[in-house]
Amino acid sequence: MEQKLRVGILGATGMVGQRFISLLENHPWFEVVTVAASPRSAGKTYEEAVGDRWKMTTPMPEAVKKLVVMNVNEVEAVSATVDFVFSAVDMTKEEIKAIEEAYAKTETPVVSNNSAHRWTKDVPMVVPEINADHFEVIEAQKARLGTTRGFIAVKPNCSIQSYAPCLAAWKEFGPKEVVATTYQAISGAGKTFQDWPEMVENIIPFIGGEEEKSEQEPLRVLGKVENGEIVKAQLPKITCQCVRVPVLNGHTAAVFVNFEKKPTKEQLIEKLVNYKGFPQEENLPSAPKQFIQYLEEENRPQVKMDVDYENGMGVSIGRLREDSMFDYKFIGLSHNTVRGAAGGAVLCAEALKAKGYIQAK
């Protein structure tokens with residue numbers, strides 16, 4: 001069997017870092033060999049550094065417990081041990097930009113969960129089923145960085161995963177106006193109910209920066225590569241409100257859409273359930289067999305019943321119906337820390353390997 005690629009996780013002790021660790025256990029292509037975090041964790045074993053802060057429902061994988069945590073700021077030392085890295089560091093946006101570029105310049109590809117490079121013109125921001133072709137912009141990025149194999153690729157915000165795939169599936173009907181309200185789980189803030197008790201029986205109608213991301217990032221995903229940079233789509237126009245709700249995992253969206261053409265409900269559902277992309281065509285290890293499921297029941301999708309659809313990598317849609325002001329409205333649900341965070345990044349890395357951008361050093 002082909003030898004697995006050696007993976008490092010930057011920011012390995014945080015919630016998204018932990019999700020990477022759990023998702024990569026027994027991965028057929030990738031093996032976590034290096035964990036890196038802040039200087040205060042460096043030198044401890046991973047088990048010691050995380051302590052009682054392990055937030056996953058599954059146990060910490062045995063293979064990582066005794067790995068000694070490296071200092072994430074020691075870029076050359078970390079890079080020397082790996083073929084590529086996942087980035088989930090908790091720093092300021094400028095610090096993240098700098099450290100991810102530093103890793104890329106050591107000829108180490110960076111697949112990032114962070115938002116810092118989402119609007120860097122030559123950094124692809126990819127939902128692999130929708131815009132895997134955007135990876136071609138990496139060649140322009142490598143020319144800018146002066147690298148031969150080092151680059152940065154990112155995944156978009158967790159909030160858009162429950163409705164942007166629908167807009168992609170319905171592209172031929174010309175979605176032109178979208179109103180979305182997202183009801184977002186507390187794990188999106190890296191929290192559990194244990195460490196955020198004020199969220200019990202509460203909602204907070206504000207999540208910093210989230211509404212702008214929810215309105216703008218789908219347009220970049222739906223955009224195209226021109227002259228070595230990604231040009232965002234002009235339509236649909238999107239307006240969004242983002243609400244924090246007392247749910248652990250799972251972002252729900254209530255969405256209204258107007259179209260240029262007037263599809264039937266049956267046409268819209270057919271496009272959803274048959275929508276597939278590069279991950280399904282290549283049968284990538286983390287790819288959902290069916291990316292989008294449509295649920296006929298009036299009370300679905302529900303977080304408790306549907307958030308783990310396709311191991312958290314699928315999107316669930318329901319309640320599609322005509323509206324009195326817009327053409328249609330629907331409810332979407334996606335797993336925010338699997339599809340929306342670490343799982344989406346793992347799928348990006350699989351697509352990058354399949355396309356030849358990530359290889360053994």
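The lining of the largest pocket in this predicted model draws at least two residues from each of helix 1 (15-23), helix 5 (93-105), helix 9 (210-221) and helix 13 (338-354). Of these contributors, helix 1 gives the most, with four residues. The pocket holds about 1100 Å³ of space, and among the 46 residues that line it, those closest to its centre are V16, A88, V89, D90 and N114. Sorted by class, this lining comprises 15 nonpolar, 20 polar and eleven charged residues.

The second largest pocket contains about 650 Å³ of space, and of its 34 lining residues the closest to the centre are R19, S22, L23, N311 and V338. Here the elements that give two or more residues to the lining are helix 1 and helix 13, and helix 1 again gives the most, with four residues. The lining of this second pocket divides into 14 nonpolar, 14 polar and six charged residues.

In soluble globular proteins, nonpolar side chains tend to be buried together. In this chain the largest nonpolar core has 56 residues, and W170 and F330 are those with the most contacts inside it. The largest share of this core, five residues, comes from helix 8, which covers residues 164-169. When neighbours within four places in sequence are left aside, W170 is in contact with P175, V257, F259, L268, K271, L272, L320 and F330. Apart from this core lies another, of 46 residues, which includes L5, Y46, L67 and F278.

The chain as a whole can now be considered. It has 13 helices and 14 strands, and buried residues make up 59% of its 361 residues. If contacts between residues at least 6 apart in sequence are taken together, 76% of them join residues at least 24 apart. The C-alpha trace spans about 60 × 50 × 40 Å along its principal axes. Because a compact globule of 361 residues would have a radius of gyration near 21 Å, the 20 Å found for the chain agrees with that expectation.

Notes:
Residues are numbered from 1 along each chain as its sequence is written. This is a predicted model: local features need pLDDT of at least 70, side-chain atom pairs count only at pLDDT 80 or more; totals for chains, interfaces and linings use all residues. Side-chain values use heavy atoms; hydrogens and water are left out. A nonpolar core is a set of buried Ala, Val, Leu, Ile, Met, Phe, Trp, Tyr and Cys residues joined through side-chain atoms within 4.5 Å. Buried means under 20% relative accessible area, exposed over 50%, partly exposed in between (1.4 Å probe, protein chains only). Contact means heavy atoms within 4.5 Å. On a 1 Å grid over the protein atoms alone, a cavity is a set of points where a 1.4 Å probe fits but cannot get out, and a pocket is an open set with protein on both sides within 12 Å along at least five of seven lines; lining residues have an atom within 4 Å of a point. Grid points are joined across faces, edges and corners, and a volume is the space filled by probe spheres set on the points. Ala, Val, Leu, Ile, Met, Phe, Trp, Tyr, Cys and Pro count as nonpolar, Asp, Glu, Lys and Arg as charged, and the others, Gly among them, as polar. The radius of gyration is taken over C-alpha atoms; the globule rule is 2.2 Å times the number of residues to the power 0.38.
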